[in-house]
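Please read the following alongside the sequence and the coordinates.

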Amino acid sequence: MKNNLFSMVLKQIDIAAKKLNLDENIHVLLKHPERELIVAVPVEMDDGHTEVFTGYRVQYSSIRGPCKGGIRYHPDVSLDEVKSLAAWMTWKCAVVNIPYGGAKGGIKCDPFKMSKNEIQRMTRRYTVMILPIIGPRRDIPAPDVNTDAETMGWIMDTVSMFEGRTVLDIVTGKPVGLGGSLGRREATGRGVMIATLETLKKLGRDVSDTTVAVQGFGNVGSVAANLLYSAGCKIIGISDVSGAFCNPKGLGIPDMLKYVATSKNRLLEGYQGEADDISNEELLQMDVDVLIPSALENQITKENASKVKAKIIVEGANGPTTPEADKILGDRGIVIVPDILANAGGVIVSYFEWVQDIQAFFWDVDEVNKNLNRILCKSFEEVWSFSKEKKIDMRTGAYMLAIERVAEAHKQRGIFP
Ligand code: NAD
């Protein structure tokens, strides 16, 4: 399945193109990434031996603006995965109507088995290897799974050393003291919270009566869980790669956050608070109102979709639901807020960070959150009402709106030469 992610992307494009009655000459363009780069990343490991990692950067589209997308460090990173994530970034930026194309990068590695110095050397070498194609007006990387503000700081510093000046606008998700934006770290989780609350509002549900399970307790999942907890939802299930916990009376999210702040690899493993251990599979099947998959792709599949009991799924992760599972869930009347909308908060605030870096004028956090809220609520409303009007699910609606915008840009620009 893992190596077939891009076939899922193509299927999604085809469905939207058919519904849009898209010109075949544009449709064919949408199915090809503009540029795919594979690089060797040699690293001198702490014990003196040399390891050569494989890195990728795929620029799917720059038709609506500079390419934009995160960098992932994970053993499962492959060209197929990076290409798919780059395509999703393209639709994500289009659905929330920010002036970017889509890209993604990654290195096939296991950062949990590497020292911080090794990760830093790997990051700097990878940066140099992709330097010919990235740039503040061409392609602006950001964090993704197992990369964070510190990683972005190393990338910014490496590019700055090559340029002989400090280049703030080369990456987003940087530390705030290095040209990062206030609110960026929390932005994706905040966006997931906004999308969840907007859905509850549309469905006439009371926030304080809502139970939630969150898969993944990293950047996206932990922030989404905490903000929904603060908004009054009862978070009754949480998992990470080390296992899952549940408490029907509600988990102490602030306490769990405190635990992972100092735990090994920021995992919940060994957490002793008021909670029962369950399996990761059980977490996805919990009897909750809202399920928020915020870990990796391909988590809800045709094998477990019929066992999902949630009434609403808000996709914090990219591609957590396979197309087969999507159909099963849709037939069962489960409302799915698709990834390209639900987790767009991160790229929206990345856009704000880039704008602030270019202006060299920084906003306060209220300004950031106010603008995030404005853009996300507007996009949510567009997707919701378009889907209702066309009697389609939100994913198809979001794809149609996004692909129409990308297609329109192709039409307006034409093919060079
Ligand atoms: P992260 O590395 O901070 O966190 C990932 C979390 O998922 C960790 O808690 C990890 O333990 C957990 N996990 C991994 N495998 C799991 C499994 N099999 N079962 C349960 N938990 C598992 O990564 P992140 O930045 O939070 O990204 C999570 C997802 O959100 C990814 O799909 C990513 O592409 C997407 N996303 C991230 C951002 C962002 O700004 N960071 C923006 C948009 C989308």
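Predicted model: local features only at pLDDT ≥ 70, side-chain atom pairs only at ≥ 80, totals over all residues.

Residues are numbered from 1 along each chain as its sequence is written, and side-chain values use heavy atoms, with hydrogens and water left out.

The protein chain is assigned domain 1 (32–178) and domain 2 (181–357 + 368–417); such bounds come from an automatic or database domain assignment. Between the C-alpha centres of domain 1 and domain 2 the distance is 23 Å. Domain 1 gives 39 residues to the contact and domain 2 gives 36 residues, where contact means heavy atoms within 4.5 Å.

Where does the ligand lie relative to domain 1 and domain 2? Both domains give residues to the shell around the ligand, so the ligand lies between them. There are 25 residues around the ligand, and D144, T188, N219, V220 and N318 come nearest; a residue counts as near if one of its heavy atoms lies within 4 Å of the molecule. By class the shell has eight nonpolar, 12 polar and five charged residues, with Ala, Val, Leu, Ile, Met, Phe, Trp, Tyr, Cys and Pro taken as nonpolar, Asp, Glu, Lys and Arg as charged, and the others, Gly among them, as polar.

Taken alone, the ligand exposes 830 Å², of which the protein buries 86%; the areas come from the Shrake-Rupley method with a 1.4 Å probe, and for residues only the protein chains shown count as cover.

N343 sits in the loop between α11 (339–342) and α12 (345–359); helices (H or I, at least four residues) and strands (E, at least two) are DSSP runs numbered from the N terminus. Is N343 buried or exposed? N343 counts as buried because its relative accessibility is 4%, buried being under 20% relative accessible area, exposed over 50% and partly exposed in between (1.4 Å probe, protein chains only). Not counting residues up to four places away in sequence, N343 touches residues including T188 and N318.

T54, in strand β2 (residues 50–61), is partly exposed, with a relative accessible area of 31%.
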